[in-house]
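These notes are meant for someone opening the model for the first time. Please read the points in order, with the structure in view.

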Amino acid sequence: MVSFSPEVVDSIIRTASLIGAGLAVIAGIGPGIGMGYAAGAATEAVRRQPEARGAIITTMLLGQVISGSTGIYSLVIAIFLIFSG
Amino acid sequence: MKYIDEPAKLQQEILKKTYSLALIPLIYSLIRGEFATLLGFIFGLLIATLIFRLRLIQIERALDMQEKKASTFIRNRYFIEYIIYFVVLFVARKNPSVNFLAAAVGLFFVKLTVIGLVMIDIIKGSLEKKLESYR
């Protein structure tokens, strides 16, 4: 059986946690792309129905607030991994 | 939901409810003497409030643009917000006088209030429907 010294094991753990942090941060890209699509659709909706502008803004605001939270989840996990590794 | 056609008023209403709800953890941490938690929570909550206000301004600006331009604008602004969130969480983790988890909860607090308000609305709506069906 192959055995590693504690320094090597430590560096493997550190590397793995940093790779994990990087992967976790990728999760924050999704909401940005989704919000962009929603904004494009909202501009089209306002052009078609200008009297519904207030309702569209409200819906978009609440939707963006909720969808943005997944980005914070990923950041929390990433920072935990960066500092605990 | 109340003020569905007036986003600015709805935003103020949400912020009022957020701050009145935030008094509970603030007073609790103050009584227990956990100043790091108190500081972290206030830090996160203030940043979340500012970003929430900024988001409404950005949406209003985006709706006057072309479809593609608006899409790119909102996407870029989201990534800037993402960097701000990262800086806030990083500072909270690095600084020993600020509790990291409290800062994260502070960042989430506006979102939790919005989810709570929507849930209350859904429950109210379903109860009203049930009451009407009994009549």
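1. A residue is called buried here if 20 or more other C-beta atoms lie within 10 Å of its own, exposed if 12 or fewer do, and partly exposed in between, with C-beta atoms placed from the backbone. On that basis, buried residues make up 34% of the 135 residues in chain B, and 31% of the 85 residues of chain A.

2. The model is predicted: local features need pLDDT of at least 70 and side-chain atom pairs count only at pLDDT 80 or more, while totals for chains, interfaces and linings use all residues. Residues are numbered from 1 along each chain as its sequence is written, with chains lettered from A and ligands numbered from 1 in the order in which they are written.

3. Helices (H or I, at least four residues) and strands (E, at least two) are DSSP runs, numbered from the N terminus. Chain A has four helices and zero strands. Chain B likewise has four helices and zero strands.

4. The radius of gyration is taken over C-alpha atoms, and the globule rule is 2.2 Å times the number of residues to the power 0.38. Chain B has a radius of gyration of 18 Å, well over the 14 Å from the rule for 135 residues, so chain B is more spread out than a compact globule. The C-alpha trace of chain A spans about 70 × 15 × 15 Å along its principal axes.

5. Helix 1 of chain A covers residues 6-26 and reaches 31 Å from its first C-alpha to its last, close to the expected 30 Å (1.5 Å times one less than its number of residues). Of its 21 residues, the number buried is one, so helix 1 of chain A lies largely in the open.

6. How many residues of chain A are in contact with chain B? There are 31, facing 35 residues of chain B; contact means C-beta atoms, placed from the backbone, within 7 Å. Helix 2 of chain A gives the largest share of the chain A side, twelve residues.

7. A nonpolar core is a set of buried Ala, Val, Leu, Ile, Met, Phe, Trp, Tyr and Cys residues joined through C-beta atoms within 7 Å. The largest one has 47 residues, and Val88(B) and Leu107(B) are among those with the most contacts inside it. Helix 2, helix 3 and helix 4 of chain A each supply at least two residues of this core. Not counting residues up to four places away in sequence, Val88(B) touches Phe43(B), Gly44(B), Ile47(B), Ala103(B) and Leu107(B).

Definitions and conventions. Two residues are in contact if their C-beta atoms, placed from the backbone, lie within 7 Å.
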